[in-house]
Amino acid sequence: VQLQASGGGLVQAGGSLRLSCATSGRTFSSYAMGWFRQAPGKEREFVAAIGWLGGVTKYADSVKGRFTIYRDSAKNTVYLQMNSLKSDDTAVYHCAVAPFLGTYSHDYKYWGQGTLVTVSS
């Protein structure tokens, strides 16, 4: 089972990035998928999650209205569209898979390696 996150990079404040998380090794069509992030010196925090049907989503208050999570079940891939980026969004972003739509790290069973997002002010 592998989760491969990509799409991170350096962007100016106010800019946009789209992260992708491709899964392989098994089908996660009946699982929820989520994004977490960890900034230097800080604990990992929940960003967004999407249910296995794709119709239910959850967001951290800090990203509501700016980030959008969506999935392509046929491709076993989940995306995180990030707009209006701020310097506070700088972190390593990890994707993960859970048997239900959770917002805590311990809800998630499988994790990707992370992709770095750096927002310059």
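W35 has C95 as its bridge partner in β9. Strands here are DSSP runs of E with at least two residues, numbered from the N terminus. The model is predicted: local features need pLDDT of at least 70, side-chain atom pairs count only at pLDDT 80 or more, and totals for chains, interfaces and linings use all residues. Residues are numbered from 1 along each chain as its sequence is written, and side-chain values use heavy atoms, with hydrogens and water left out.

**Strand β9 and its partners**

Two strands are taken to pair if DSSP finds at least two bridges between them. β4 and β9 run antiparallel and are joined by seven bridges. β9 is also joined to β11, again in the antiparallel sense, by three bridges; within β11, V117 is the bridge partner of A91. With strand β10, residues 110-111, β9 pairs antiparallel over two bridges, and V97 has Y110 as its bridge partner there. Because seven of the eight residues of β9 are buried, the strand is largely enclosed by the rest of the structure. Buried means under 20% relative accessible area, exposed means over 50%, and partly exposed lies in between, with a 1.4 Å probe and protein chains only.

**The nonpolar core**

A nonpolar core is a set of buried Ala, Val, Leu, Ile, Met, Phe, Trp, Tyr and Cys residues joined through side-chain atoms within 4.5 Å. The largest such core has 36 residues, and W35, V47, F67, L80, M82 and Y93 are those with the most contacts inside it. At least two core residues come from each of β1 (2-6), β3 (17-24), β4 (32-38), β5 (45-50), β7, β8, β9 and β11 (115-120). The most is given by β9, with six residues.

Y93 illustrates these contacts, a contact being heavy atoms within 4.5 Å. When neighbours within four places in sequence are left aside, the residues in contact with Y93 include W35, V47, F67, L80 and M82. Y93 also touches R37, as well as G114, T115 and V117, among others.

**The disulfide**

A disulfide is a pair of cysteine sulfur atoms within 2.5 Å, and the count by this rule comes to one. The pair is C21 and C95, with sulfur atoms 2.0 Å apart. The torsion about their S-S bond is about 65 degrees, so the disulfide is right-handed. C21 lies in strand β3 and C95 in strand β9, so the pair ties together parts that are 74 residues apart in sequence. C21 is buried, with a relative accessible area of 0%, and C95 is likewise buried at 0%.

**The charged network**

Side chains of opposite charge can pair when their charged atoms come close. A salt bridge is counted when a side-chain nitrogen of Lys or Arg lies within 4 Å of a carboxyl oxygen of Asp or Glu. The structure holds four salt bridges, including those tabulated here.

| Salt bridge | N to O distance |
|---|---|
| R37 and E45 | 2.6 Å |
| D89 and R37 | 2.9 Å |
| D89 and R66 | 2.7 Å |

D89 lies in the loop between β8 and β9 and R66 in the loop between β6 (57-59) and β7, so this pair ties together parts that are 23 residues apart in sequence. D89 and R66 are both buried. Through shared partners, salt bridges join R37, E45, R66 and D89 into one network.

**Loop residues with positive phi**

N76 has a phi near 50 degrees, a positive value in a residue other than glycine. N76 lies in the loop between β7 (67-72) and β8 (77-82) and is buried, with a relative accessible area of 18%. The backbone oxygen of N76 is reached by the side chain of T23 at 2.9 Å, a polar contact being a pair of N or O atoms within 3.5 Å in which, within protein, one must be able to donate a hydrogen and the other to accept it, and residues adjacent in sequence count only if both atoms are side-chain atoms. T23 is found in strand β3 and is buried at 9% relative accessible area.

S84 likewise has a positive phi near 50 degrees in a residue other than glycine. The place of S84 is in the loop between β8 and β9 (91-98), where S84 counts as partly exposed at 40% relative accessibility.

Note on methods. Helices (H or I, at least four residues) and strands (E, at least two) are DSSP runs, numbered from the N terminus.
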